[in-house]
Every structure is written in structure tokens, then in C-alpha cells.
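Subject: Structure handover and notes

Dear colleague,

I am passing on the structure that I have been going through, and I would be grateful if you could look at it alongside the notes below.

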Amino acid sequence: MLKTETPSTLHTQLDLYPVEDLVGALIDDQAQALRAVQAASASISAAVSAMAPRIAAGGRLIYVGAGTSGRLGILDSVELYPTFSWPHERAIALLAGGLGAMFEAVEGAEDDRNKGASDLRLLYPTYNDVILLIAASGTTPYVLGAMQAARMVGSLTVGIANNAGTPLLSGSDIGICVDTGPEVISGSTRLKAGTAQKIVLNTLSSALMVRLHKVYGNLMVDLHATNAKLKERAVRLTMHATGADTNAALGVLEQCQYQVKVAIVMLLKKQTAAEAQAQLDLHTGNIRSALK
């Protein structure tokens with residue numbers, strides 16, 4: 001039996017706990033998610049190193065999952081645009097049962113291996129695409145079908161599972177095992193297995209964006225300022241990176257459509273928006289190189 005399906009030997013009288021102990025047990029169990037991810041840091045690092053050149057060459061991030069795992073993939077994909085101005089068409093998520101399964105479970109969808117393969121083939125994956133395959137069990141047929149289709153065209157496959165020695169981990173180019181063990185509520189992998197997957201996805205995509213020069217120092221300088229809150233954040237980031245006052249930061253941001261990277265180069269090199277953008281284009285968006 002898979003570890004994630006094995007009844008936990010801890011808290012076997014969970015339903016009898018007073019509410020304070022119940023909440024404490026659920027919270028304490030989540031702590032194991034972080035430890036499992038820390039133990040997988042080497043494989044996560046290997047994945048980032050393999051992903052970066054393919055994505056830099058124009059590849060896409062394609063997330064594939066079912067149930068909780070698939071929903072976490074969708075969440076990671078949609079948040080890359082406002083956070084890093086990552087194009088929507090280069091972060092795509094496939095969920096067993098279709099997007100409707102985001103809100104209502106589609107029973108049996110995860111068991112269709114052929115559908116996983118055909119859904120991925122409809123995206124016409126290429127060598128430079130990175131396929132992030134997420135399944136707590138490591139055995140989900142829909143995800144395994146997508147993995148097989150991706151391997152046939154040479155896309156980079158990264159499997160993320162919570163059970164060691166499973167087909168998803170052994171069949172992917174890079175397997176990331178986050179061994180979270182049995183759930184405190186037996187089999188409910190929306191708990192610490194899901195938490196561990198979320199940490200892995202956050203880490204993979206964030207580290208990738210750092211490698212693609214979308215972070216300067218530790219500042220989120222490639223955000224897409226789509227609302228008042230994000231425009232205020234753009235002003236603060238520009239001020240922090242350059243030492244400029246509010247008026248100066250706001251002035252250049254208004255000239256470059258609130259592109260923080262461009263504003264930083266404009267202020268520090270005393271350039272126009274067009275000149276700063278040209279410098280960034282020349283150095284593939286690397287602020288440090290553009291400033292030299």
C-alpha cells in the first residue's frame with residue numbers, strides 16, 4: 001500500500017479530541033511537509049538547472065495533474081503573470097476532467113491514461129517545453145499518460161510525487177519525491193502531501209524566474225502592475241532599488257508603463273525609457289548587466 005494511503009498510527013482517536021487538540025494535531029502534522037521538501041532539495045535544484053535553459057530558449061511551463069495536485073498546478077501557473085509578467089501562453093495547466101474540475105470533482109477523470117496523453121498532445125509539446133507532472137500517489141493514470149506523450153517528443157519531464165519508487169518518479173527525466181508519509185486523516189492528500197507539492201511548485205517556479213532575471217536582489221521587479229495596489233508596489237520597489245524619492249520614481253514609472261526594471265535603469269543610468277528598454281533587451285532582461 002502507498003504511504004499516502006496507509007492509515008496513520010498517530011492520533012488514532014482523532015475524532016474524540018477536544019477542539020484545541022484537534023487543531024494542534026492537524027497543524028503539527030503539516031510541519032512534516034516542509035521537512036519532506038527540504039529532504040528533496042537536491043532533486044529540486046537539479047530540476048531548476050535543467051528547466052532554465054529550455055525555458056530561456058522559448059519553452060513553456062506545462063502543469064499536469066488531477067484533483068488537488070492539478071488544482072495546485074493551475075494556481076502556480078496563473079500567478080506567474082501578475083508576479084513576473086510571465087506570458088499566459090507560456091504557463092499552461094492541464095487538469096483531469098477539464099477546468100470545471102477546478103471547482104467540482106469529476107469522478108474517474110484521473111483514471112484515463114489516454115486522455116492525459118491526448119490532452120498534452122493537443123498542446124503540441126516541443127523539446128524546450130517543461131512538463132511538470134504532479135500526483136501525490138505517483139501512479140495517477142492521467143498524469144502518466146501525459147508523461148509518456150511528453151517523453152515521446154523530448155520535452156523535459158519533472159515528476160512530483162509523495163511516494164518513493166512510483167512510476168511517475170522513475171519515468172520522468174527528473175523525479176522529485178516529497179515523502180510526507182501517511183496523512184493524519186488517512187488518505188486525505190489535500191493535507192500535508194498537498195502542502196508539500198505547493199512548496200515544491202513555489203520553489204521551482206520562483207527559482208526559475210530568478211534565473212531568468214525577473215528578480216533584482218530580492219525585489220520582484222518584473223511584476224505586471226494591473227491595479228492600484230500593484231502600482232503602489234512598483235513605486236516602492238523602484239524607490240528601494242534606486243534610492244529615489246516618491247515623485248522621481250512615479251515620474252519615470254509613468255513614462256515606461258510602470259515597468260519597474262525599465263524605471264530602475266532609467267534612474268540609475270539617467271536614460272530615457274527607450275534607451276533603458278534597449279539596454280535591458282541587449283542583456284536579456286538582466287538589470288545588473290544593463291547597469292554596467
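The notes below go from the whole chain to single elements and residues.

This is a predicted model, in which local features need pLDDT of at least 70 and side-chain atom pairs count only at pLDDT 80 or more, whereas totals for chains, interfaces and linings use all residues. Residues are numbered from 1 along each chain as its sequence is written, and side-chain values use heavy atoms, with hydrogens and water left out.

The secondary structure of the protein chain comes to 12 helices and 5 strands, where helices (H or I, at least four residues) and strands (E, at least two) are DSSP runs numbered from the N terminus. The C-alpha trace spans about 65 × 50 × 35 Å along its principal axes. Of the 292 residues, 47% count as buried; here buried means under 20% relative accessible area, exposed means over 50%, and partly exposed lies in between, with a 1.4 Å probe and protein chains only. Taking a contact as heavy atoms within 4.5 Å, 65% of the contacts between residues at least 6 apart in sequence join residues at least 24 apart. The chain exposes about 13800 Å², of which carbon and sulfur atoms supply 55%; accessible areas come from the Shrake-Rupley method with a 1.4 Å probe, and for residues only the protein chains shown count as cover.

Strand β1 (residues 61-65) is largely enclosed by the rest of the structure, because 5 of its 5 residues are buried. In a regular strand the side chains alternate between the two faces of the sheet. In β1, L61, Y63 and G65 point one way while I62 and V64 point the other way, and all are buried. β1 pairs with strand β2 (residues 91-95) in the parallel sense over 5 bridges, pairing being called if DSSP finds at least two bridges between two strands, and the bridge partner of L61 in β2 is A91.

K214, in the loop between α7 (192-211) and α8 (228-242), counts as buried because its relative accessibility is 11%. Its side chain makes a polar contact with the side chain of D222 at 2.8 Å; such a contact is a pair of N or O atoms within 3.5 Å, where within protein one must be able to donate a hydrogen and the other to accept it, and residues adjacent in sequence count only if both atoms are side-chain atoms. Leaving aside residues up to four places away in sequence, K214 touches F84, S85, W86, M209, L219, M220, V221, D222 and K261.

V235, in helix α8, is buried, with a relative accessible area of 12%. With residues up to four places away in sequence again left out, V235 touches T246, A249, L250, L253 and Y258. V235 and I134 are 101 residues apart in sequence, and their C-alpha atoms are 37 Å apart in space.

I27, in helix α1 (residues 19-39), counts as exposed because its relative accessibility is 54%.

With best regards
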